[in-house]
Amino acid sequence: QILTYGQDRILDHEASQKHDIVVRIYGQDWDIMHEKASEIEAVIGRIAGVTDTEIERLVTEPIIEIEVDPSRADEFGIKPGDVRRAAATLFSGIEVGSLFEEQKVFDVVVWGTPDTRNSVTDVEQLLIDRPGGGHVRLEEVADVRIAPSVTSIKHEAVARTLDVGASVVGRGVEDVADDIEERLGVINFPTEHHAEIPAAYLERAEGQDRFFAFQIAAAIAIFLLLQAAVGSWRLAISTSLTLPLALTGGLVAGLMAGGTLSIGSYLGLFAVFMLAARNAIGIVNHAQHLEAA
């Protein structure tokens with residue numbers, strides 16, 4: 001799939017909006033990080049208001065993994081570095097010279113054929129030169145196996161990261177974050193591994209609280225302006241009760257689009273609400289004018 005830069009940024013933003021709060025694990029060892037992610041998921045899942053906990057899924061692909069056994073290599077007088085260089089030559093190639101043709105320079109690289117590189121059996125039969133002469137097969141000094149490898153590794157602060165996300169229902173995100181940080185304090189992490197809640201999620205929660213407070217204040221201001229325009233509390237209240245109907249179409253469209261409303265969606269609904277209030281004032285004033293006439 002080919003994406004433009006803008007489309008890629010939108011997908012990243014949508015992914016970040018999937019969870020209300022995230023615990024980010026930092027480290028180097030994937031096995032340890034996954035173990036701690038499972039532990040964190042179980043711990044925060046018991047916190048009041050936390051639902052739909054989820055560990056970030058990592059996409060992997062199978063690769064041929066070669067692990068040199070130093071003791072076995074030493075029996076044949078071979079250094080582990082020699083084994084690694086031979087394996088690297090088979091898979092990555094080694095430059096052995098240059099070819100000059102029509103004032104152009106081409107690198108000459110020697111490496112294994114595709115069939116050999118893709119076969120565990122053929123890789124095991126790779127011959128390693130012995131210092132005193134002769135050869136030894138790769139399988140005699142190393143373990144060759146198929147292993148999963150992560151295709152995309154995210155880094156932050158010079159460390160690998162793995163996220164544990166969750167949704168928050170019935171409580172404030174800040175209150176839940178305080179409980180999570182308290183629970184994280186009792187989890188033991190090995191050296192070079194730790195977990196924390198990214199500041200961006202806390203800032204987003206604070207921004208949402210401020211935004212909703214602004215909405216409430218704006219609704220009160222609209223109601224007071226409506227009363228001042230029509231000159232009647234009764235008409236202002238009855239008109240205000242009809243204004244939410246103007247948002248029905250926008251809410252239905254949001255549900256059809258996936259049920260997720262962003263800050264931009266809320267701003268759009270607020271603009272529709274303002275237009276509906278303006279039209280309502282015009283209709284009431286016109287009715288009052290006709291009644292007076």
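Predicted model: local features only at pLDDT ≥ 70, side-chain atom pairs only at ≥ 80, totals over all residues.
Side-chain values use heavy atoms, with hydrogens and water left out.

A nonpolar core is here a set of buried Ala, Val, Leu, Ile, Met, Phe, Trp, Tyr and Cys residues joined through side-chain atoms within 4.5 Å, where buried means under 20% relative accessible area, exposed means over 50%, and partly exposed covers what lies in between, with a 1.4 Å probe and protein chains only. The largest such core has 25 residues, and those that touch the most other members are Ile 21, Val 23, Ile 25, Ile 40, Ile 44, Ile 180 and Leu 184. Two or more residues of this core come from each of β1 (21-27), α2 (30-44), β10 (159-168) and α8 (173-184), the helices (H or I, at least four residues) and strands (E, at least two) being DSSP runs numbered from the N terminus. Helix α2 provides the largest share, six residues. Apart from this core lies another, of 14 residues, including Ile 64, Val 123, Ile 128 and Val 144. In soluble globular proteins, nonpolar side chains tend to be buried together.

The C-alpha atoms of Ala 195 and Ile 40 are 9.1 Å apart, although the two residues are separated by 155 residues in sequence.

Ile 94, Val 96, Leu 99, Phe 106, Val 108 and Val 110 make a nonpolar surface patch of about 490 Å², to which β4 and β5 each give two or more residues. Such patches are made of residues with over 30% relative accessible area and no salt bridge, with like charges joined within 9 Å and nonpolar side chains (Val, Leu, Ile, Met, Phe, Trp, Tyr) within 5 Å, and the areas come from the Shrake-Rupley method with a 1.4 Å probe, only the protein chains shown counting as cover for residues. Leu 99, found in strand β4, counts as partly exposed at 44% relative accessibility.

The loop between β4 (94-101) and β5 (104-110) holds Glu 102, a residue that is not a glycine and yet has a positive phi of about 50°; Glu 102 is exposed, with a relative accessible area of 69%. Asp 52 likewise has a positive phi, of about 55°, without being a glycine, but Asp 52 is found in strand β2 (residues 50-55) and is exposed at a relative accessible area of 59%.

Charged side chains form eleven salt bridges in the structure, each being a side-chain nitrogen of Lys or Arg within 4 Å of a carboxyl oxygen of Asp or Glu. Arg 145 takes part in a salt bridge with Glu 65, where the closest N and O atoms are 3.0 Å apart, and this pair links distant parts of the chain, 80 residues apart, with Arg 145 in strand β8 (residues 142-150) and Glu 65 in strand β3 (residues 60-68). Arg 145 also forms a salt bridge with Glu 67, at 2.5 Å between the closest N and O atoms, again joining strand β8 to strand β3, across 78 residues. Arg 145 is partly exposed at 32% relative accessibility, as are Glu 65 at 31% and Glu 67 at 41%.

Within helix α4 (residues 80-92), Asp 82 and Arg 85 lie three residues apart, about one turn of the helix, and their side chains meet in a salt bridge of 2.4 Å, N to O. Asp 82 is partly exposed, with a relative accessible area of 27%, whereas Arg 85 counts as exposed at 53%. Salt bridges that share partners join Arg 24, Glu 56, Lys 154, Glu 156 and Asp 163 into one network.

Charges also meet aromatic rings. The charged end of Arg 117 sits over the ring of Trp 111, 3.7 Å from its centre, and that of Lys 36 sits over the ring of Phe 189, 5.8 Å from its centre, the criterion being NZ of Lys or CZ of Arg within 6 Å of the ring centre and within 35 degrees of the ring normal.

Terms used. Residues numbered from 1 in each chain as written.
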